[in-house]
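Hi there,

Here is the structure I promised to pass on. Have a look at it first, and my notes follow below.

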Amino acid sequence: MSQPEDRPKPLAKLRDDYVISSASLPVPVGSRGEAWKVFQESSNSIPDLFALTGTSVGCYRIDAIETTRKLANSGLFAPLDWGVVDWPGKEQRVALIFPKLPGTPLAQKRRYSDQDIVGTILPPMVAMLRAFAEAGFAHGGLGPATIYAGSSGELTAGECISAPPSALQPAWLQTIERGMASPFGRGAAQIEDDIYAVGATLASLSLGSLSIVELPDAEVIALKIERGSAGAITGRQQLSGGLGELIRGMLDDDPEQRWSLHTIQHWIAGRRTIGHQAWARQKPSRGLVVNGTEYFDVRSLAEAFSKYPADAMKLIANDELIKWVKRTLKDPALVSRIVNAVNMPILKSRSSTEALLIARITIAMHPAGPIRYLGLSVMPSGIGTQLQKAMAAGESPQSLAEVISCQLPKYWFNLQSALANDNLTQMKKLDQAKIYLDKAGSGLGLERCLYELAPSSPLLAQELTSKFIFESHALLQGLEALSERNDKPAFPLSRHVAAFLLARDTQNTRAFGRFIAARDPAEVALGSLHGLAGLQTRFGPEKLPGLARWLEVAVQPYIARFHNRDTREILRTDLQKAAGTGNLQAMLNLVENAAMMHRDKDGFFQATLEYERLEFQAKGLRDQLTPGALLHSEAGKDVGTIVAGILSTAIAAGILLLQWKGA
Amino acid sequence: MSARAAPVPRRKSRLRAVHLVSLTLMLVFSVMFWPTAVVLAVGMLPAAAAYVFDQDSKRATTMTVALMNASGTLPFIIELWTKGQTLDHAMALVREPVTWLVMYGAAGIGWLICFIVPHAVQLVLAQRTRMQITDIENRQAELRQVWGEDVRQRTASP
C-alpha cells in the first residue's frame, strides 16, 4: 500500500468515498475505457484500487453488475462499486471501482503441462462455469489473457461489465457464429459460449503459441469453417490424447454435440470413456463461385452473399444456388429453407427487396449465424446493443430499424431447431419492438426500441449527452440541470426521454397512457407533467424549481384549453406559485382538476347558448331598423291622435275658462 | 266557417244603424240649431275632407284633424251662442276671414301633427332599438372576452 503523501491529483469522486485520481493505468485486456488509480477518503493509506471509466458511447452491462458481485466468491472479478461521476469538463462518466487485479493472466506463462491443466486449471474453471450456469450468467469474454491466476493458484475470470458480451473477445475464442457477428451485435452469451472459450484457452495453454491468434477475424472464421474449430485452433500441433479429446469436445462447432459441464466433470472424474470425435465436414466436389472465390460451405457462402449482394442476386436469379445445393450438398431441409426464402413475398422498394431477400437466404443457409442485412451482421439478441452503439456514436440506425420492421429476427427464430427460454423472451421483445417502430408517437419509434432492447443503455437524448442517466429517477436531476441552460429545448420530454421513461419506469406506464396516444401538444404536456410528478413523488427530490418553471411554460397550451378567461388567469397565477415551490405534484393537481374542467365546459356551453339567443334578438332588432321596414307607423299615428286630443282639450278648456272669466 | 262568418254582417248592420242614428241626430240638431249647424258645416270641412281621404281603418288622421278642427271652431260656436244664435250672426261669423283662418289653421295644425308626430315617434323608437342592439352587442363582447371567440361557434357561419 502507498502512503497518503503520494496521492496524485483527484479527478472525480464516487459517493464521497472513492476518489479517482489522475494517475492513469494500462487498461486490462478484455476491458474497455480508461483505467485510473483510486484511493478511499476514509482510508489513510491508498489501497490498490483502480477505476475503469467511460463515456456514453460505451455499452456497459449494468444489468449484470449485481450478478457479478454475487459471483465474486466463485472466481469472477466483480466491481466493488459503480456509479456516475462528475468528470472534469462538465461531463459525466461511468466509473467501475475494482480491487487490485487478482493475479497475472494465464497467458503470461508460455506453456502449461497437461498435468497443470487437468490438475490446477480445469477443475476451478469448471467450478466457476458451474457457478455461472447456476446463476444464469455467462461471461462472454473468457480467454488466456482474461483469466487470472492468483499467487496461491486460484483462478479468477476478468471483469465483463465494461463491454457487451464477446465484444472484445478475439474471434478464435468465439464460436463461428458469434465470430461472424459484429462486436457489439453478438448479443447475450450462453454458458456454451464460455465452455467453447475455455476449450480454446486450454488449447492455447497446452500448445503455448497458436498461429490462429495472429490471423485477422475473417481468416479465423474461414479457417474454422474449413477445418472445424478444434482443427483450426490447434493447427498442425498435436494435443495429447486425453486433453485432445476434452478440447475437441469443448470446441465442437455443433452446440448440441459440444461438451456440457456435466460431461466435462465426468471427464475430470476419470470417466474418459465417453469419447468424442469431432469430425470435419466432407468437402463437396464442386463449390459455388462468388466474386471470383469458390465456396464449398454454406456458412462461408452466406458470409460471401452478404458481402457481394450483386453476385448473390445473379446466383439466386438463375437458380444456380438452388441447383448447387440440391446437386452438391444433398440436404433436403436446406433446399426447402432456401426455396421458401426465395419465394416469400416482399413488399418493399427494389433495393431493399434485394437486401431483404439476401438476408433471408443467408439465414436459411446458416440459421445459427447472425442476421446479415445491408452490411450489418448481428445476432437477434445483439440488436439492442448494436442499436445503442449506433445511436450513441451518431451513426445511422436505419438498417437496424429495417431489420426489426421487416421481421428478420422472427424469421431467424423460426428457423432455429430449438429455442431456449432466453430466445423466446427475446423473440417477444423484438415482436413488440416492431409494434413500437410502426408507431410514430412520442415515446415510441426507434427510441423506444432502443431502451426496450438494450436494458443497460443510458439515456441517449441529445440534450442530455453530458449526463449519464441509467435509471428513471436520475432523470429528474438531469432535467433540473438542463432547465438552467439557455439552450434547453422548448419541451422537457424529448422523444428519447419519453421512450426512456416508458421503458424504464414501468410504474408510470399507466400515467403515460394519455401521453402515448396524444397528438395534441396540450395532452403531451399534461402527460409529461404526470410522468415527472410521479417520479418526484416516488423518488424525490422535494424541490425541482427549474424543471417546475420549465413545465409551467410547457403546460400553457393545456391551460389555454380552459375557455373562461378568469379561470385561466387564476390557474396561471396558482401554477406560477406552485412552480415556485418546485413541487410537480402540486402543479399537476392544479392543472388536472376535473371539477374545474367540468365547470368550465358547462359554463362555456351556457355562454354559447346565451350568445346564440342574443344574436337572434339583435338580428330581429336590426331588421326593424332597415329602411324598408314600416317601423312603428301605427303607434306614431295613435300618438298623434293623443297629442291632438290633449291639445284640443287644452284649447277648449282655455276658451271656456276665458269665456267664464269674461262673463 | 259559417258560424264564424255570421258576426260580420251583424257588425256591419250595427254600424249602419249607428250611422243612421247619427245622421238622424245630426239632422235633428241641424234643424233645431240651424245657425250653429251652418258654422259647423263650414268650419268642420277640413275634418270631413280628412274623413274622405283617410283610408286607415282606425281613422287616426281623421280623429287628429277633427279634434284640432273642432278646437278651432269651438270659440266661434261659443261666440254664436253667447251673442244669440241667429242665422245673421252665423253668416257674419262665416263672412269673417279670421274665422276661416282660425278654424282651418287649427285643422292645419291637426294635419301637421299627423305628419310630424309619427316621424318623431319613429325616431324615438329607432333610437331605443339601437340602444337595445348596443346593449346586446356589449353583452356579446363581454361573453367573447370571458369565454373567447369560440363562444360564437353556434352562430358562426360555416
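Let me begin with the domains of chain A, whose bounds come from an automatic or database domain assignment. They are domain 1 (4-98), domain 2 (104-268), domain 3 (288-451), domain 4 (462-599) and domain 5 (634-663). Between the C-alpha centres of domain 2 and domain 4 of chain A there are 51 Å.

A word on conventions: this is a predicted model, in which local features need pLDDT of at least 70 and side-chain atom pairs count only at pLDDT 80 or more, while totals for chains, interfaces and linings use all residues. Residues are numbered from 1 along each chain as its sequence is written, and chains are lettered from A and ligands numbered from 1 in the order in which they are written.

Chain A has 28 helices and 13 strands, taken as DSSP runs (helices H or I, at least four residues; strands E, at least two) and numbered from the N terminus. Its radius of gyration is 38 Å, well over the 26 Å that the globule rule gives for 663 residues, so chain A is more spread out than a compact globule. That radius is taken over C-alpha atoms, and the rule is 2.2 Å times the number of residues to the power 0.38. Along the principal axes, the C-alpha atoms of chain A fill a box of roughly 170 × 75 × 40 Å.

Now the chain pair: 37 residues from chain A and 40 residues from chain B take part in the contact (C-beta atoms, placed from the backbone, within 7 Å). On the chain A side, helix 28 (633-662) gives the most, with 17 residues.

Enjoy exploring!

Notes: Contact = placed C-beta atoms within 7 Å.
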